[in-house]
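Hi everyone, thanks for making time. Please have the viewer open while I talk, and stop me whenever you like.

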Number of protein chains: 2
Amino acid sequence: MAKVCVLRLGHRVGRDQRTTTHVFLVARAFGADEGVLCGEEDSQVVEGMRRVCAKWGGKFSVSQEKNWKVFLKKRKAEGWVVAHLTMYGVDFEEGVKKLREGRKNVVVVVGAGKVPKEAYHLADMNLAVGNQPHSEVAALAVFLDRFFCGRQFRKKFEGKVKIIPSPCGKIVVCGKNN
Amino acid sequence: MAKVCVLRLGHRVGRDQRTTTHVFLVARAFGADEGVLCGEEDSQVVEGMRRVCAKWGGKFSVSQEKNWKVFLKKRKAEGWVVAHLTMYGVDFEEGVKKLREGRKNVVVVVGAGKVPKEAYHLADMNLAVGNQPHSEVAALAVFLDRFFCGRQFRKKFEGKVKIIPSPCGKIVVCGKNN
C-alpha cells in the first residue's frame with residue numbers, strides 16, 4: 001500500500017495551533033502514516049500529537065521541517081507524488097482516481113494562510129475538494145476518505161485506550177497496549 | 001429532497017470562533033440548508049457567515065438559538081430526525097444509510113467542548129465518524145459527503161464570485177449575481 005504523508009504548510013504559532021492539530025489528528029485517524037509541520041516551529045503541536053499517538057495507538061509519526069521546498073523536492077526525487085489541496089484547484093475526485101491508479105507514495109500539502117505560488121508549481125496536482133470556501137481540515141478528511149475508500153475506519157490502532165461504539169453515552173476501555 | 005440543519009452546540013466566544021466558522025462553512029459548502037449557533041452569543045460568527053453567503057451564493061441561512069433543548073424538541077415534534085456526531089457513537093455509515101432511506105429532514109448536532117448528556121439522549125442517533133479522536137469539522141464534512149453521495153460538489157451556488165478550477169494558480173471571476 002502506498003504511504004501518505006500530510007505536510008502542513010505555513011503554520012503560525014498561536015493562530016493556527018488548533019487547526020494544525022486538527023489537520024494532524026485527521027491525518028492520523030484517516031490512515032496517513034506521517035505528519036510534517038512546516039512554518040513557525042511549534043513543539044507544543046508536535047508533542048501534543050505524540051501524546052495522542054502514545055495513548056490512542058497506531059504508527060503515525062510527526063516531525064518538523066525547516067524548509068518545505070527542500071523537503072518536497074527530496075520526496076519527489078524519491079518518487080513521491082505531491083498533491084496540494086486548494087479551493088482553486090481541479091476536481092479532486094479525478095485526482096484521487098489517478099493517485100490510486102498510480103500506486104505511488106503521496107505527500108498531501110495542506111496550507112495555512114496564504115500559500116506561496118511555488119507550492120502550486122512544485123505540486124504535481126492542485127486539487128479542489130469543491131470550489132467553495134470551507135476548511136482545510138474538511139478537505140483533508142474527505143480527500144483521505146475517498147483515497148482509502150472508507151477502509152481507514154476499519155483500521156486497528158491498538159492503543160492504551162479504546163472506544164466501544166455506543167448508541168447513547170461514552171464507553172472507553174483499556175486497549176491491548178495498556 | 002430532505003433538508004439538513006447543522007446545529008453547533010456549546011459555542012464559546014474566543015476559543016471556538018474559527019472552528020465554529022469552519023463548521024458552518026462546511027455545512028454550507030457540503031449542501032446543508034441551515035446553520036444554528038447555540039452556546040455563547042456571537043454575532044461576529046453569524047455576520048461573517050452571512051457575508052460569505054452574500055459573496056459566494058447559495059441559500060444557506062444562519063441564526064442563533066438561546067435554548068438548544070427547546071430547539072431540538074421543536075424540530076423533533078415537526079418530524080425532523082436528530083443525528084449527533086460523536087467519537088463515542090455507533091458506525092455513521094449505517095446511520096447515514098438509515099437517514100437516507102428515512103427521507104426525513106435531519107438536524108446534525110456538532111458539539112464544541114464537552115457535550116451535555118441530555119444531547120446524547122435527545123438525539124435519535126449518536127454517530128461516530130470513526131472512533132478515534134480527530135475533528136468535528138472533519139466528521140461533519142465526511143458525514144455530509146456520504147449523505148449527499150458527493151453530489152454537493154455539483155451544486156450551483158450562483159454567487160457574486162466564482163472559481164474556475166485551475167491545474168496551477170487561482171482564477172476567480174464574477175458570478176451571475178454580480
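Let me start with how the elements are named: helices (H or I, at least four residues) and strands (E, at least two) are DSSP runs, numbered from the N terminus. On that basis, chain A reads β-α-β-α-β-α-β-α-β-α-β-α-β-β along its sequence, with six helices and eight strands.

Some housekeeping. Residues count from 1 along each chain as its sequence is written, and chains are lettered from A and ligands numbered from 1 in the order in which they are written. This is a predicted model, in which local features need pLDDT of at least 70 and side-chain atom pairs count only at pLDDT 80 or more, while totals for chains, interfaces and linings use all residues.

How confident is the predictor? On pLDDT, its confidence in each residue from 0 to 100, chain A has a mean of 97, and 100% of its residues reach 70 or more. For the complex, the predictor gives an ipTM of 0.97 and a pTM of 0.98.

Now, the overall dimensions. The C-alpha atoms of chain A fill a box of roughly 45 × 35 × 35 Å along the principal axes. The radius of gyration is taken over C-alpha atoms, and the globule rule is 2.2 Å times the number of residues to the power 0.38. For 178 residues a compact globule would come out near 16 Å, and chain A, at 16 Å, agrees.

On to the sheet. Strands pair here if DSSP finds at least two bridges between them. Chain A has an open sheet of six strands, paired in parallel, in the order β3-β2-β1-β5-β4-β6. Which strands stand at the edges? They are β3 (61-64) and β6 (125-128) of chain A, each with a single partner strand, so one side of each lacks a neighbour in the sheet. Ignoring direction, neighbouring strands are turned by 30° against each other on average.

Zoom in on β1 (residues 4-11) and β2 (residues 34-39) of chain A, which pair in the parallel sense over five bridges. There, Leu7(A) has Val36(A) in β2(A) as its bridge partner.

Axes are lines fitted to C-alpha atoms, for helices over the stretch in contact, and angles run from 0 to 180 degrees between N-to-C directions. Helix α1 (residues 17-29) of chain A lies across β1, β2, β3 and β5 (106-111) of chain A, at about 175° to β1(A). Helix α2 (residues 43-56) of chain A packs on the sheet too, touching β2 and β3 of chain A, with its direction at about 170° to that of β3(A).

Finally, the partner chain. How many residues of chain A are in contact with chain B? There are 38, and they meet 38 residues of chain B. The contributors of at least two residues each are α1, α2, β4 (81-91), α5 (117-122), β6 and α6 (136-147) of chain A. The largest share, six residues, comes from α1(A).

Methods: Two residues are in contact if their C-beta atoms, placed from the backbone, lie within 7 Å. pLDDT is the predictor's confidence in each residue, from 0 to 100.
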